[in-house]
Amino acid sequence: MLVPVVDLTHHLANGMPLFPGLPTPSFRDIARVEEDGYAMSEYHLLNHIGTHVDAPAHQAAGGATLDEIPLESLVTEAVTIDLSGREPGLIGRSELEPLLGNLGEGDWLFLCSDNGRNWGSDAYWTGWS
């Protein structure tokens, strides 16, 4: 059975929502196909803005860096647990285990808090705890 691949990426753009206090990124075209015959862009940004993959090396000494993670491990089966009706706060393992379904080794677990509805507002950064 062919399973769809879902891209969860938020668009990177000037003025995009950022965690308070982070430097503002900038994106600009240096060359455009219509005028220059090729396209080139300049980006200035931190590696922890927008939607991104966090490598184990971000928080674990000796953990894998992104270039050490095989791309095929980023496309896998996933289980999504809908927690949107739940009060914000810590989620314990005992609460999640009965909901894991067919989660297998190497699969991904997505927790849907419905906080995405707050993208672009201050509540996006504070409404989940």
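By class, 27 nonpolar, 16 polar and seven charged residues make up the lining of the largest pocket in this structure, which is a predicted model. The space in this pocket amounts to about 2200 Å³. Its lining consists of 50 residues, and those closest to the centre of the pocket are Leu8, Thr51, Leu109, Phe110 and Leu111. Strand β4 provides the largest share, with five residues.

The structure holds six salt bridges. In one of them, Glu42 pairs with Arg28, and the closest N and O atoms are 2.7 Å apart.

Another salt bridge joins Arg32 to Glu35, with 3.2 Å between the closest N and O atoms. Arg32 has a relative accessible area of 37% and is therefore partly exposed. Glu35, by contrast, counts as exposed because its relative accessibility is 56%, and the limit for this class is over 50%. Arg32 and Glu35 also take part in a network of salt bridges that includes Glu34.

The side chains of Glu97 and Arg93 form a further salt bridge, with an N to O distance of 2.7 Å. Glu97 is partly exposed, as its relative accessible area is 43%. Arg93 reaches 66% relative accessibility and so counts as exposed.

Several loop residues were also examined. Thr76 is located in the loop that runs between β2 (40–44) and β3. With a relative accessible area of 34%, Thr76 is partly exposed. Leaving aside residues up to four places away in sequence, Thr76 touches Gly106, Asp107 and Trp108. Thr76 and Trp108 are 32 residues apart along the chain, while their C-alpha atoms are separated by 7.1 Å. With Asp107, the contact is also polar: the two side chains meet at 3.3 Å.

Asn115 is part of the loop between β4 and α3. This residue counts as buried because its relative accessibility is 10%, where buried means under 20%. The side chain of Asn115 makes a polar contact of 2.7 Å with the side chain of Asn118. The side chain of Asn115 also reaches a backbone atom, the oxygen of Tyr124, at 2.9 Å.

Gly92 is found in the loop between β3 and α2 (93–96). Its relative accessibility is 31%, so Gly92 counts as partly exposed. Between the C-alpha atoms of Gly92 and Glu68 there are 30 Å in space, and the two residues are 24 places apart in sequence.

Technical notes: Residues are numbered from 1 along each chain as its sequence is written. This is a predicted model: local features need pLDDT of at least 70, side-chain atom pairs count only at pLDDT 80 or more; totals for chains, interfaces and linings use all residues. Side-chain values use heavy atoms; hydrogens and water are left out. On a 1 Å grid over the protein atoms alone, a cavity is a set of points where a 1.4 Å probe fits but cannot get out, and a pocket is an open set with protein on both sides within 12 Å along at least five of seven lines; lining residues have an atom within 4 Å of a point. Grid points are joined across faces, edges and corners, and a volume is the space filled by probe spheres set on the points. Helices (H or I, at least four residues) and strands (E, at least two) are DSSP runs, numbered from the N terminus. Ala, Val, Leu, Ile, Met, Phe, Trp, Tyr, Cys and Pro count as nonpolar, Asp, Glu, Lys and Arg as charged, and the others, Gly among them, as polar. Buried means under 20% relative accessible area, exposed over 50%, partly exposed in between (1.4 Å probe, protein chains only). Contact means heavy atoms within 4.5 Å. A polar contact is a pair of N or O atoms within 3.5 Å; within protein, one must be able to donate a hydrogen and the other to accept it, and residues adjacent in sequence count only if both atoms are side-chain atoms. A salt bridge is a side-chain nitrogen of Lys or Arg within 4 Å of a carboxyl oxygen of Asp or Glu.
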